[in-house]
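Take a look at the sequence and the model below. The text then walks through a sheet and the helices beside it.

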Amino acid sequence: MAHRILTVCTGNICRSPIAEQLLTTHLAHHDITVTSAGTHAMVGCAMPGQARHWSLLLGGHGAKEHRGVQLTAAQIQDADLVLALDRQHRRTVVELHPPASRYCFTLLEFAHIVSTMTEDTMTEELAPPGSGQEGSVMARVVALVGSMRGVVPPLDHRDDYDVVDPYLGSDDMYAHAAKVIETAVLRIAGFVDQVAHRPA
């Protein structure tokens, strides 16, 4: 059964679809389905040209077909991991489905925690493949990152956990947001690969 990652922003036409599409590309070799939704979605709307351009340029799949979708509690409940594009989106997710507090992070928070992982941390915290205790790759990834939340030193500023919304902004704003998302996605995808390929 495919595991699910849900990305969440406001309108679901800029930040969360870019994250969805880049995660889909970089996690294509895993049994993971990535979807996205908006807390105040522009339901049925396509991505703005700049957002679509940057997703395609960075290797995203599905930008031309994407249409905005409203976030629901059922989507959150079905997800194994929810990645919110800013802290307000994370608050909304948890308000809709309180148990999601265990598996909802901002995208940049998750990437930051992942970037601090060492081999020693992974050896101590992860059950080895074949032990009968490891569960799915996604379960292991989320459990490990969750165990380090509050342990890893925080980012310098609270705003550093948010991807700034480029909607109706300049081309430079879209470029900046897309590149910030890409950097985070690459860190996360690399970590999933590490967990999946750890030797017994």
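His 3 has Ile 32 as its bridge partner in β2. Strand β1 (residues 3–9) runs parallel to β2, paired over seven bridges; strands pair if DSSP finds at least two bridges between them. Helices (H or I, at least four residues) and strands (E, at least two) are DSSP runs, numbered from the N terminus. This is a predicted model: local features need pLDDT of at least 70, side-chain atom pairs count only at pLDDT 80 or more, and totals for chains, interfaces and linings use all residues. Residues are numbered from 1 along each chain as its sequence is written, and side-chain values use heavy atoms, with hydrogens and water left out.

Strand β3 (residues 81–84) pairs with β4 over three bridges. There, Ala 84 has Thr 106 as its bridge partner.

Contact means heavy atoms within 4.5 Å. Axes are lines fitted to C-alpha atoms, for helices over the stretch in contact, and angles run from 0 to 180 degrees between N-to-C directions.

α1 (residues 15–26) also packs with helix α8 (residues 171–196). Their angle is about 35 degrees, and their axes lie 9 Å apart. Residues in this contact include Leu 22 of α1 and Val 185 of α8.
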